[in-house]
Amino acid sequence: MTLPSADAGSSNSFDARRSRGIFRSLLSDKSAVLGLGLLALIVGSAALAPPIAPYGPNEANPALRLMGPGTEGHLLGLDHQGRDVLSRMLYGGGLTILTGLAPVVVAALIAVPLGLVAAWVRPAGAVILRLMDVLFAFPMALLAILVAAFLGPGTLNLLTALVLVLLPYAVRVVHQAAAHEVVLPYVEALRVSGTPVWKILFVEILPNVAPPTIVYSCTVLGSIVITAAGLSFLGLGVQPPIAEWGVMVSEGRSVLFVAPHVSVVPGLGLTLLVIACNLVGDSVRDALDPRTRATLNLSDNV
Amino acid sequence: MTGEIDMIATPSPDSLEYLESQGLTLVQGPVATVYPIWLNFNEEPLKDVRVRRAMAMAIDREGMAKFLRRGTAQPAYGILNFGGPGWDPDYRDHPYDPEAAKALLAEAGYPDGFETRLDWTMGGGGDVNTRADAEWIQRDLARIGITATIELFDNGTYWDMLAKGIRPGTCCMQVSWGETGFFWLDLVVASSAMPPSGFNSGYYDNPEIDALLAKARSAPTEEEMVSLLHHVRDIVAEDAAFIPVYTPMQVYAMRPNVKGFVLAPQHWADYTSVFKE
Amino acid sequence: MLKMLLGRLLAIVPVLLGVTFVVFVAMHLAPGDVARTILGFGATEERVEALRAELGLDRPILVQYAHWLWNLLHGDLGQSIALGVPVSDVILDKVGASLLLMASSFVGAAGGGLLLAALSGGAHRSMRDRGITIVTLVCASLPPFWIGIVLLYAFSYQLGLFPSTGMVSMVDPGGWLDVAHHLVLPTITTALSSMAVVARVTRGSFIDIMNSPYIFAARAHGTPRRRLVRVDAMRNVLPVFVTISGLQIGYLFGSVIFSEIIFNWPGIGLQLYQAIIYRDYPVVQGCVLAVAIVFVFGNLLADLIVHALDPRKRA
């Protein structure tokens, strides 16, 4: 699993004006273009699954079970139930992306108000941060397994588990950025002029807190895609017969001897998806925050 | 394969060709057993016999035996198992017909099917590939509109659950059963065997069956016994109380240096006569 | 140093309390009756009732937790549902195998990462550098459960170079060499993505340092480039390298679960997986707790090493 550097951009105060040029700078970055292209290809083919997939995701031709790639009419072969692997890849792409993306987005949305409040109301902030600290004591995948195991299998429970696991990291990112802002003179000026607190937080400070939150979300996306698929691989997430790449890798394990393509193909798709996410994530981080490099600080990260 | 294995009991059917290519010999033969699906009579839709029949007609038993088990199983029809008294190779109950099944389901008031759950064992002992079985059945049921989720349990828990009666929300459970006698029917289909006193775990209640089984036990001739058992079989089929799926073959793959292996006639293998040269 | 060590050890106490609390509370995430969930659908009503009383489910949650913690401190993690033995026995049985795999993976990830970083960062913008950058990008993106399967198929099933399952040969257990032979594929599976991350971050630091005035000065004095990379730059990337390696411990703990499952490595990860499948919740709790505790101490160790190596922090 890749590094979700929780400190990405944390030590910087972001200049909102700079973010306007981001899209242009992303497009001038070769690896960003490659990542975005790959991502567009995967998302596009997943979105177009119904018209372009040759078969339904659960349509089976048992007589051709386990036939390899290149079988007539089945470009990527068939699985242990005789289902077309290509069709399942296309149909499964959407859910694979969703189970990675949705927790990141939801966690960020919850983290923003929590982090802002934590930075504004010091005592409440201390409590929130202490609570989150406890969760850092777990390896991320392990905590997700614990929560998902007790919630029970299912896509919704998988998403819940991942949001819970991500939340502490996201809150810390928002809090660090917001804590930087609240002490700046412009905030003091707003406060003195009697601007309502909610307005200061969500209208004035938020735009400056958004960039590090976005950077963090982008850099963590790849590893959450892997964690989500990993939980489904363990049987804790998406349930068969629903097509999802982690489930598909796991299903192929029992026939690896005789039909390696059943596991290898979906895993390859997953790897490409994660590469795309990491390319985009790295580029977004470099574009928004060129100063974040190898200067990691342990106390910030564990 | 690094030559570490001398004998594999019940290898996965998909691995047979590979094992043969590695120089292992396959020994196989049918066992006196059957995999019936228990249907839960306490579930609202399944109280209607048409729904149960539709389910029986939805499941492609031939396909399962031929493709999923790769011929290491024979499709099973009727509650009387292969190797037991009264088994008739030519008997057929509900033939595979998804279209007719869908129509029957609509007639019973479920044109869009219903939602339910399959509780399944992940196998143990002689059961292999049980998850793939469950997925196959799930797909067959989906074809007539019945949406079923699958929950898998380890064998110990699974038998405890069966002994307690199928839990609410679950339509089907399945284990292998069958003996060279017919007394197991007293434990499975008789109404006296409802949980917690037996394994009539789907609460099938037909006093006629109880009477027929009692008569069969004290039948003066084997012919009479068989005729009574056929009667039991026909009633169970008509009620569609159980869906027999297939009779598995016992398969062993062994290195040529293992000699003296005899396939057991009943459910358990006898390893005492096996020796390695 | 001693004072700092004591401070860190004291700071760990609330963290451990928190960890145990999270593991305890997770039990209450289960839908429906907790005692029923733990014992499974097959259990009798009497047993469920007995466990309900034992856990004190009608009492406030903090009282339940105190009771649970008290038992935990006495080594009582409850009884495995599937195995019928105390959870602590199950875990103690497996912890050694996991630690071995973790240790070899950590050494592999850190060592391999440093080597790759030196090879590429020492020759910035060369073909070698570009090649290694691409390889590390791909490796950092590999799902461990998938690369394990690929390695298993290629090196075990097809080439027959490494055993596919377990920690020792069943037929002919051959001591440490045998274990080492079994260790190779699970170690690569666990370490690969972490190695790539270590390599990427350390390379960045290498490049910064190779471009620093101090290295320019050394080069001007005629120090050979090789020596610059191996000795001078290496010394200066050490803090970053140790830090990023320490950070990988958490990811290794995630990956190790998957490689244990794929290669049937008889450790905590495999046990955890089986417990999940068997709905053996006390064992799930125990395994997570064991890993989390090892993780906390692993981090402490990494922290101490960073502290010892970093001249700025020492001052």
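The pLDDT is the predictor's confidence in each residue, on a scale from 0 to 100. The structure described here is a predicted model, and chain A has an average pLDDT of 86, with 87% of its residues scoring at least 70.

The secondary structure of chain A consists of 12 helices and 0 strands, so that the order of elements from the N terminus reads α-α-α-α-α-α-α-α-α-α-α-α. Of the 302 residues in chain A, 56% are buried. Among the contacts in chain A with a separation of 6 or more, 74% join residues 24 or more positions apart.

Helix 11 of chain A (residues 261-288) was examined for its length and its surroundings. At 1.5 Å a residue, its 28 residues should span 40 Å, and the end C-alpha atoms are 40 Å apart, in agreement with that expectation. Because 25 of the 28 residues of helix 11 of chain A are buried, this helix is largely enclosed by the rest of the structure.

Chain A is in contact with chain C through 44 residues of chain A and 52 residues of chain C. On the side of chain C that touches chain A, at least two residues each are supplied by helix 1 (2-26), helix 6 (127-140), helix 7 (144-158), helix 8 (175-210), helix 10 (225-262), helix 11 (268-277) and helix 12 (281-309) of chain C. Helix 10 of chain C gives the most, with 12 residues. By class, this side of chain C comprises 40 nonpolar, 11 polar and 1 charged residues.

Chain A also meets chain B, in a contact that takes 16 residues from chain A and 15 residues from chain B. Helix 3 (61-68), helix 5 (130-143) and strand 6 (147-153) of chain B are the elements that give two or more residues to the side of chain B that touches chain A. The largest share, 6 residues, comes from helix 5 of chain B. The residues on this side of chain B divide into 7 nonpolar, 5 polar and 3 charged.

Within chain C, helix 10 also packs against helix 11. The axes of these two helices of chain C come within 7 Å and cross at roughly 75°. An angle of 65 to 115 degrees counts as roughly perpendicular, and helix 10 and helix 11 of chain C are therefore roughly perpendicular to each other. In this contact, C:Val256, C:Ile257, C:Glu260 and C:Ile261 of helix 10 meet C:Gly269, C:Leu270, C:Leu272 and C:Tyr273 of helix 11. The residues of the contact comprise 6 nonpolar, 1 polar and 1 charged.

Helix 4 of chain C (residues 61-73) was examined in the manner of a span check. Its 13 residues, at 1.5 Å a residue, should span 18 Å, which agrees with the 18 Å between its end C-alpha atoms. Just after helix 4 of chain C, C:Gly75 takes a positive phi of about 80°.

Definitions and conventions
Residues are numbered from 1 along each chain as its sequence is written. Chains are lettered from A and ligands numbered from 1 in the order in which they are written. This is a predicted model: local features need pLDDT of at least 70, side-chain atom pairs count only at pLDDT 80 or more; totals for chains, interfaces and linings use all residues. Helices (H or I, at least four residues) and strands (E, at least two) are DSSP runs, numbered from the N terminus. The expected span of a helix is 1.5 Å times one less than its number of residues. A residue is buried if 20 or more other C-beta atoms lie within 10 Å of its own, exposed if 12 or fewer, and partly exposed in between; C-beta atoms are placed from the backbone. Two residues are in contact if their C-beta atoms, placed from the backbone, lie within 7 Å. Ala, Val, Leu, Ile, Met, Phe, Trp, Tyr, Cys and Pro count as nonpolar, Asp, Glu, Lys and Arg as charged, and the others, Gly among them, as polar. Axes are lines fitted to C-alpha atoms, for helices over the stretch in contact, and angles run from 0 to 180 degrees between N-to-C directions. Angles under 35 degrees count as roughly parallel, over 145 as roughly antiparallel, 65 to 115 as roughly perpendicular and the rest as oblique.
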